[in-house]
Amino acid sequence: GDILVADISFDSGSGKIKTDSNGDIKFEPDFRSIELDPDLKELFISCKGRREYLNEIKSKWPIKDISHELNIHIGPFASGAGVVENKKVIDEIKGHSRKLVGIDMETYGVFYATKNSSRPKPLGVFSIKSISDYGDPDKNDNFQPYASYTSGFGRDEF
């Protein structure tokens with residue numbers, strides 16, 4: 001249920017796939033990142049520092065069995081062409097962005113479309129997601145409703 005805000009997004013599949021001297025496949029990344037507008041980033045940082053805001057979000061969830069304290073994590077998102085459910089792939093992506101907070105399929109496309117749109121150009125774009133699983137094969141869908149709730153709560157206030 002923790003809230004993730006992308007301050008940078010990159011296409012995790014951008015690069016070159018080669019064969020090394022042992023005949024193994026090797027991916028050489030060539031990421032092009034797009035950053036969140038600095039004013040929007042400051043807004044999210046201020047929300048992160050307001051514990052009462054996060055407590056209010058959690059308190060309005062109708063099911064009271066969530067023991068974890070709700071937090072906001074601001075950092076890079078890797079976007080790719082498919083859902084990742086492989087620890088080795090996740091670790092490889094994290095190896096290229098040590099502060100990575102999220103992996104998804106949409107954020108880079110949204111950031112790219114906004115940055116490269118014609119007039120009237122959007123004033124800003126952001127991507128908020130919440131954690132419902134960790135991309136492991138043993139995951140279940142138990143936290144999806146709560147994550148959906150926390151990622152969308154308070155959107156009218158921005």
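This is a predicted model: local features need pLDDT of at least 70, side-chain atom pairs count only at pLDDT 80 or more; totals for chains, interfaces and linings use all residues.
Close-up 1. R51 pairs with E69 in a salt bridge whose closest N and O atoms are 3.8 Å apart. The two residues are 18 apart in the chain and link distant parts of it: R51 belongs to helix α2 (residues 51-59), while E69 sits in the loop between α2 and β5 (72-79). E69 is also classed as partly exposed, at 46% relative accessibility.

**Close-up 2. The salt bridge between K60 and E56.** The side chains of these two residues meet with an N to O distance of 2.9 Å. K60 has a relative accessibility of 49% and therefore counts as partly exposed. E56 has a relative accessible area of 32%, so E56 is partly exposed. The pair is part of a structure that holds nine salt bridges.

**Close-up 3. K129 and D104, a salt bridge between two strands.** Here the side chains of K129 and D104 meet, at 3.3 Å from N to O. K129 is in strand β7 (residues 128-130) and D104 in strand β6, so the bridge ties together parts of the chain that are 25 residues apart in sequence. Is D104 buried or exposed? D104 counts as buried because its relative accessibility is 8%. The network in this view consists of D104, E106 and K129, joined by salt bridges that share partners.

Close-up 4. I103 is placed in strand β6, which covers residues 102-104. Its relative accessibility of 33% puts I103 in the partly exposed class. Which residues does I103 touch, not counting those up to four places away in sequence? They are A78, V84, I90 and I93. The C-alpha atoms of I103 and S9 are separated by 9.5 Å, although these residues are 94 apart along the chain.

Close-up 5. S12 is found in the loop between β1 and β2 (15-19). Its relative accessible area is 15%, so S12 is buried. Leaving aside neighbours within four places in sequence, S12 is in contact with F27, F31, A78, S79, G80 and I93. Two of these names return from the view of I103, as A78 and I93 are also touched by I103.

**Close-up 6. T114 in helix α4.** T114 lies in helix α4, made up of residues 107-115. At 15% relative accessibility, T114 counts as buried, because buried means under 20%. When residues up to four places away in sequence are not counted, T114 touches K121, P122 and V125.

**Close-up 7. The largest nonpolar core.** This core has 24 residues, and those with the most contacts inside it are I3, V5, I57 and I72. Which elements give two or more residues to this core? They are β1 (3-11), α1 (38-48), α2, β5, α4 and α5 (144-152). The largest share comes from β1, which supplies four residues.

**Overview. The whole chain, for placing the close-ups.** The protein has five helices and seven strands. Along the sequence they follow the pattern β-β-β-β-α-α-β-α-β-α-β-α. The C-alpha trace spans about 55 × 45 × 20 Å along its principal axes. Of the 158 residues in the protein, 32% are buried. Among contacts between residues at least 6 apart in sequence, 67% join residues at least 24 apart. The protein exposes about 10,300 Å², of which carbon and sulfur atoms supply 51%. There are 22 positive and 26 negative side chains, and the centres of the two sets lie 4 Å apart.

Methods
Residues are numbered from 1 along each chain as its sequence is written. Side-chain values use heavy atoms; hydrogens and water are left out. Buried means under 20% relative accessible area, exposed over 50%, partly exposed in between (1.4 Å probe, protein chains only). Contact means heavy atoms within 4.5 Å. Accessible areas come from the Shrake-Rupley method with a 1.4 Å probe; for residues, only the protein chains shown count as cover. Lys and Arg count as positive and Asp and Glu as negative; His and the chain ends are not counted. The place of a charge is taken as NZ of Lys, CZ of Arg, CG of Asp or CD of Glu. A salt bridge is a side-chain nitrogen of Lys or Arg within 4 Å of a carboxyl oxygen of Asp or Glu. A nonpolar core is a set of buried Ala, Val, Leu, Ile, Met, Phe, Trp, Tyr and Cys residues joined through side-chain atoms within 4.5 Å.
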